Amino acid sequence: MIAQHDYDIMYMQHALALARKGWGRTSINPLVGAVIVKNNRIVGKGYHRKLREAHAEVVAITDAGCEAHGATLYVNLEPCCCSGFTPPCVDAIIKAGISRVVVGIKDPNPLVNGNGITGLQKNGIEVVFGVLREETSRLNQGYVKYITTKIPYVILKIALSKNFKISGFEGKYITSQPSLRYVHSLRSQVCAVLVGINTVLKDDPYLTDRLVGRHNPARVVIDPDLKIPSSAHFLKPDARRIIITAPDNDVLKIENLIAAGAEIMLFEQKPFPLKQVLEKLGMMQIGSVLVEGGGTVFTQVYNERLYDELYVFVAPCEIAGGEKVAEDIVEDIQALGSRYESIGEDTVYHVYRNN
């Protein structure tokens, strides 16, 4: 590693901003942005837009054209050195004549994991590694977990009244419109949204990203007795639909759901083992999951500590009836070092479990 400079930090921040433009669209691939600088001037930039499309480095090199020769490339994740849906980025960097590459973090993909950096160095390219390490690591924490474990990154979310109720309120939503928009932004960032069948039966949710409009995630429901109605918004063909159920349910209904485009995951053991559910979702190339409830699913994921991030939205109202969750949940997340902020009229607690 060669010492970084202040301008390296500045241009890496630019690369990170570009990378974030890919939120929700890169699927199991990482968020990557790239900036090419020559004579203190940005001559090319790009980001990974979508799974199977060109990587950020190639987009930036194309944008720079002949100006890439002798320039510096800033990229938040180590360039790949293996063929997948696209050719290796290392080869494109060498061919373009780039003389210096500044990298945020290594790519933990076992097929890369330092080999991209080594390949660049063997071809006489100066490599600076570890610029904005913390920021670049945080951006792709979901990718890092999935590529190393094949288990999706899990964001667990719940909305509560001030007295810890999750139902029994008048109207469809307990929290404010700004909080609802925030949840839609979370949906836009993940591969799938997971709920229990009671949520589908009670609320008939769309589980789409209607308020942000970036990306509709796959929808997953845990439905042990296959109660899902054929008219449910869950089954609309605007995204993948995955139904987790038992093999002893109505065979004809299962066949009809498959014919309608739904994917069926079968488990004999009840209650379904959620860790195995997540492992199977990973095998289906679901790299990240937002668990939205209801109470039974939330409690199981929370108690088994299967989440990586936790959001608790607390509305300022109190509710007389309805379902309640454990009163110590806010104390728990405070003990875990959560931060909180106000969104609209609500208070939102947020914690990374592994911190």
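Pro110 is exposed, its relative accessible area being 61%, where exposed means over 50%, buried under 20% and partly exposed in between, with a 1.4 Å probe and protein chains only. This is a predicted model, in which local features need pLDDT of at least 70 and side-chain atom pairs count only at pLDDT 80 or more, while totals for chains, interfaces and linings use all residues. Residues are numbered from 1 along each chain as its sequence is written, and side-chain values use heavy atoms, with hydrogens and water left out.

Pro110 sits in the loop between strand 4 (100-105) and helix 4 (115-122), helices (H or I, at least four residues) and strands (E, at least two) being DSSP runs numbered from the N terminus.

Across the whole structure there are 11 salt bridges, each defined as a side-chain nitrogen of Lys or Arg within 4 Å of a carboxyl oxygen of Asp or Glu. One of them joins Asp8 and Arg100 at 2.8 Å, N to O; Asp8 belongs to helix 1 (residues 6-19) and Arg100 to strand 4, so the pair ties together parts that are 92 residues apart in sequence. Asp8 is buried at 0% relative accessible area, and Arg100, at 10%, also counts as buried.

A further salt bridge links Glu292 and Arg187 at 2.6 Å, N to O. Because Glu292 lies in strand 11 (residues 288-293) and Arg187 in helix 7 (residues 177-187), this contact ties together parts that are 105 residues apart in sequence. Both Glu292 and Arg187 are buried.
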